[in-house]
Amino acid sequence: MASVTSLTASVHQRLADALTAALPEAGAADPLLRRSDRADFQANGILALAKKAKANPRELATQVVARVESGDVIQDIEVSGPGFLNITISDGAITRTLAARYADAARLGVPFAEHPGTTVIDYAQPNVAKEMHVGHLRSAVIGDAVVQLLEFTGETVVRRHHIGDWGTQFGMLIQYLDEHPGELDHKDAEVTGEEAMSNLDRLYKTARRLFDSDEEFKTRARRRVVDLQAGEPKTLAAWQKFVDESKIYFFSVFEKLDMEIRDADIVGESGYNDMLDETCRLLEESGVAEISDGALCVFFDDIKGPDGNRVPLIVRKSDGGYGYAATDLSAIRDRVFNLKASTLLYVVDARQSLHFRMVFETARRAGWLGEDVTAFQLAFGTVLGKDGKPFKTREGETVKLEDLLDEAVQRATAVVREKAEKVGLSEREIVENGRYVGVGAVKYADLSTSAVRDYKFDLDQMVSLNGDTSVYLQYAYARIQSILRKAGDARPAAHPELELAPAERALGLHLDRFGEEVTEAAKEYAPHKLAAYLYQLASHLTTFYDQCQVLSPDNAPEVVENRLFLVDLTARTLHNGMALLGIRTPDRL
């Protein structure tokens, strides 16, 4: 089904046409249309146009009003103040437009992007042999929501999970295990997932302490890195075991997060090993990189350290080892030339912004990022505790992601259980809904905040039924489903001939913005804008409930049908919008 022209777009076009007719020399003029509390819309563009044309703004506004083709969309348009236009939409136009959205069950009239391309998105990047912690939450949750938004608007999306699966730490791990074989039993097939990762994480910390304190062990570990890079069978087999066990664990955590992670999309640092030497050669031969103190470096005139000297991007270290930059630059080559990306999107901590700035500039100098390819870091802030400091346990340790999710589900299940008897939920439904509410609460708290900002992790607030929380939105959806079940023989049906109450108009006009909000959120990689829209939608619904009875016996049948239509479209919009954020909406809560 074709996308639905929003009322905003329809009014905008009518005003733009009238402006062009009244002031031809202005060309394609923008009326600067926005929502207003004085009317449905206000147009402010006439003042600037009048100033440019040296015309009286009120007179020009009057001329524009005379030329507006109102049709059956605009009910009233008046000049206000120095030359503003206040526009009121007809009730019938609101209902007809919403009916067109309602008829498009799959998309609710949301348009596809005008010029879709191919985006390779790098997100959810845990490290092999280490437990995932709260710091891994944001990349996964934000990245997954952006994937959903881009795919829904027609973009071809290639997912990449650039896991940390290569480097010095693996030589350290393998050497330690070789010298202490009893510390980790790889033969126990029953030890998988969280328990196996806990063992690996403990092993890593023990090996790290020895590596930092024992020079002889450090030398042996580094020799083992050389064996790993050379593909020595025993060393490679031990490394592969680490990777396989870690993946099982990763999948279990992402399943708890209600996220789909596919094995084919996991391409870690090791996936680019065969490209590293060529990447360095190309950079050196082209003059983009140079040898400095034995290392292959790229310098930038505008990036200097506290001493005033230029800070380099080290591509290859003086000992011949490759830095993160070599892997990241090789990944860019692969994604641009093999995956044919038009956009490279990295959902990575803001603290890595300088690194990616240097990597992107190096790739541009090398000709790997041409004018037809955009590289962008979607930087995110830090998860903070209630005290405003980085989120830690009472002992000062980093919070494990699984522990955090388990507690969220436990708290949410308690909230669901409180209302379970009234709704008639079975124990299975309580457990299932508790998971959806708990995980949704964690995701929404993250996604309702602009990615670049830090936010406080407060489970008490997250699972609250009041305020800007996913629980509030989920209960709004469930309440509508309850109304629809109680409607009996009455069915949702649009009645454009009916006058709308103020709360119905406000709800309807907000519903009509869904397509524009999804488009903007996808274009700007800004799921927080969609979250804000959905919260406002639920707030409009609450006002509607307070002022408009849906199933009242005093209502005429057509009023009941029209109000059922409005709440059903609201439910579908909440459901689709929350799904784009990766959050479920149970029918009964």
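A salt bridge here is a side-chain nitrogen of Lys or Arg within 4 Å of a carboxyl oxygen of Asp or Glu. With that in hand, let us walk through the structure.

## The model at a glance

This is a predicted model, in which local features need pLDDT of at least 70 and side-chain atom pairs count only at pLDDT 80 or more, while totals for chains, interfaces and linings use all residues. Residues are numbered from 1 along each chain as its sequence is written, and side-chain values use heavy atoms, with hydrogens and water left out.

The protein has 20 helices and 13 strands; these are DSSP runs numbered from the N terminus, with helices (H or I) of at least four residues and strands (E) of at least two. Its C-alpha atoms fill a box of roughly 85 × 65 × 45 Å along the principal axes. Of the 589 residues, 53% count as buried. Buried means under 20% relative accessible area, exposed means over 50%, and partly exposed lies in between (1.4 Å probe, protein chains only).

## Salt bridges

Searching the whole structure turns up 41 salt bridges. Side chains of opposite charge can pair when their charged atoms come close. One of the bridges joins D178 and K234, at 3.3 Å from N to O. D178 belongs to helix α6 (residues 168-179) and K234 to helix α9 (residues 233-256), so this pair ties together parts that are 56 residues apart in sequence. D178 is partly exposed at 36% relative accessible area, and K234 is exposed at 52%.

Another bridge links R563 and E504, whose closest N and O atoms are 3.0 Å apart. Because R563 sits in helix α20 (residues 557-580) and E504 in helix α17 (residues 502-511), the pair ties together parts that are 59 residues apart in sequence. Both R563 and E504 are buried. In the bridge between E151 and R159, the closest N and O atoms are 3.5 Å apart; here E151 is partly exposed, at 33%, whereas R159 is buried, at 5%. Salt bridges also join up into a network, made of K386, E407, R411, D458 and D460.

K419, K422, R485 and K486 form a positive surface patch. The elements that give two or more residues to this patch are helices α13 (401-423) and α16 (470-486). K422 is in helix α13 and counts as exposed, with 81% relative accessibility.

A few rules lie behind the patch. Its residues have over 30% relative accessible area and no salt bridge, and like charges are joined within 9 Å; for nonpolar side chains (Val, Leu, Ile, Met, Phe, Trp, Tyr) the limit is 5 Å. Lys and Arg count as positive and Asp and Glu as negative, with His and the chain ends not counted. Each charge is placed at NZ of Lys, CZ of Arg, CG of Asp or CD of Glu. The accessible areas come from the Shrake-Rupley method with a 1.4 Å probe, and for residues only the protein chains shown count as cover.

## Aromatic pairs

The whole structure holds 12 aromatic pairs. Rings of Phe, Tyr and Trp (its six-membered ring) pair if their centres lie within 6.5 Å; planes under 30 degrees apart count as stacked, over 60 as edge-to-face and the rest as tilted. The ring centres of F544 and Y545 are 6.1 Å apart and their planes stand at 55°, so the pair is tilted. F544 is buried at 0% relative accessible area, and Y545 is buried at 11%.

Elsewhere, Y346, F356 and F360 make up one aromatic cluster. A further Phe to look at is F250, which lies in helix α9 and is buried at 1% relative accessibility. F250 and A22 are 228 residues apart in sequence and 62 Å apart in space, C-alpha to C-alpha.

## Positive phi in two loops

L108 has a phi near 55°, a positive value in a residue other than glycine. Its place is the loop between α4 (91-103) and β5 (118-122). L108 is buried, with 1% relative accessibility.

D293, too, is a residue other than glycine with a positive phi, near 55°. D293 lies in the loop between β7 (290-292) and β8 (295-298). Is D293 buried or exposed? At 76% relative accessibility, D293 counts as exposed.
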